[in-house]
Amino acid sequence: MAMRFMNGFNSIISAAARPSALKTQVETLGFQHLDMEVTVPRVVIFRDAIIDLFDMEMGARFTSKAKLGFMAILNYVGGAYIYIRREYAVRIKVINSSWRTANNKAADFMDAGEEGAEGGEGGEGGEGEAGKEGEEAAKAEADKK
């Protein structure tokens, strides 16, 4: 889990100089976090915890400019996660619901097709038997004459 976090964080920092790449990376991570309830207070707690960790580990090397930069990036990422969850979660639920409905209808259609094929074969077989009996009866009458 820690390695996944560091890889995600590293990819965000690496893409920070290229806005389109940063947006793509953050959106990708945002979709991966749709199962989590990301809220503003949680973003603030997470951001402050990361900033405090960097401050403790780096000491004087963690300048106020670096602190502001990391805060801005973490605020951007947290805000993007909230936006993605708010805007796209409903759409994804609609897509999933539609997909389930389509699959159920397809399964019902396939079941109905199988039942029709089974019923059709049985009906044809029954008619075929009756037809044979009718032909035999007609032959027997013809033989009598």
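Which residue's side chain meets that of Glu37 in a salt bridge? Arg85 does, with an N to O distance of 2.8 Å; a salt bridge here is a side-chain nitrogen of Lys or Arg within 4 Å of a carboxyl oxygen of Asp or Glu. The model is predicted, so local features need pLDDT of at least 70 and side-chain atom pairs count only at pLDDT 80 or more, while totals for chains, interfaces and linings use all residues. Residues are numbered from 1 along each chain as its sequence is written, and side-chain values use heavy atoms, with hydrogens and water left out.

**Overall fold**

- The protein has four helices and zero strands, where helices (H or I, at least four residues) and strands (E, at least two) are DSSP runs numbered from the N terminus.
- In order from the N terminus, the elements read α-α-α-α.
- Of the 145 residues in the protein, 16% are buried; buried means under 20% relative accessible area, exposed over 50%, and partly exposed in between (1.4 Å probe, protein chains only).
- Of the contacts (heavy atoms within 4.5 Å) between residues at least 6 apart in sequence, 71% join residues at least 24 apart.
- The accessible surface is about 11,000 Å², and carbon and sulfur atoms account for 60% of it; areas come from the Shrake-Rupley method with a 1.4 Å probe, and for residues only the protein chains shown count as cover.

**Salt bridges**

- The whole structure contains four salt bridges.
- Glu37 is partly exposed at 43% relative accessible area, and Arg85 is partly exposed at 23%.
- Lys23 and Glu27 form another salt bridge, with their closest N and O atoms 3.9 Å apart.
- Lys23 and Glu27 are four residues apart in helix 2 (residues 19-32), which means that about one helical turn separates them.
- Lys23 has a relative accessible area of 48% and Glu27 one of 29%.
- Glu87 and Arg86 also pair through their side chains, at 3.0 Å from N to O.
- Glu87 is partly exposed at 27%, whereas Arg86 is exposed at 52%.

**Nonpolar cores**

- A nonpolar core is a set of buried Ala, Val, Leu, Ile, Met, Phe, Trp, Tyr and Cys residues joined through side-chain atoms within 4.5 Å.
- The largest such core has ten residues, including Ile12, Leu22, Leu29, Val43, Ala80 and Tyr81.
- Helix 1 (2-15), helix 2 and helix 4 are the elements that give two or more residues to this core.
- Apart from this core lies another of six residues, among them Phe9, Ile51, Phe54 and Leu74.
- Leu29 touches Gly8, Ser11, Ile12 and Tyr81, not counting residues up to four places away in sequence.
- Ala80 belongs to helix 4 and is buried at 15% relative accessibility.
- In helix 3, Arg47 is buried at 13% relative accessibility.
- Beyond neighbours within four places in sequence, Arg47 is in contact with Met71, Leu74 and Asn75.

**Aromatic pairs**

- There are nine aromatic pairs in the structure; rings of Phe, Tyr and Trp (its six-membered ring) pair if their centres lie within 6.5 Å, with planes under 30 degrees apart counted as stacked, over 60 as edge-to-face and the rest as tilted.
- Phe31 and Tyr88 have ring centres 5.4 Å apart and planes at 45 degrees, so this pair is tilted.
- Because Phe31 lies in helix 2 and Tyr88 in helix 4, the pair ties together parts that are 57 residues apart in sequence.
- Phe31 is partly exposed at 35%, as is Tyr88 at 25%.
- The rings of Phe62 and Phe70 are also tilted, with centres 6.0 Å apart and planes at 40 degrees.
- Phe62 is buried, at 6% relative accessible area.
- Ring pairs join Phe5, Phe9, Phe46, Phe54, Phe62 and Phe70 into a cluster.
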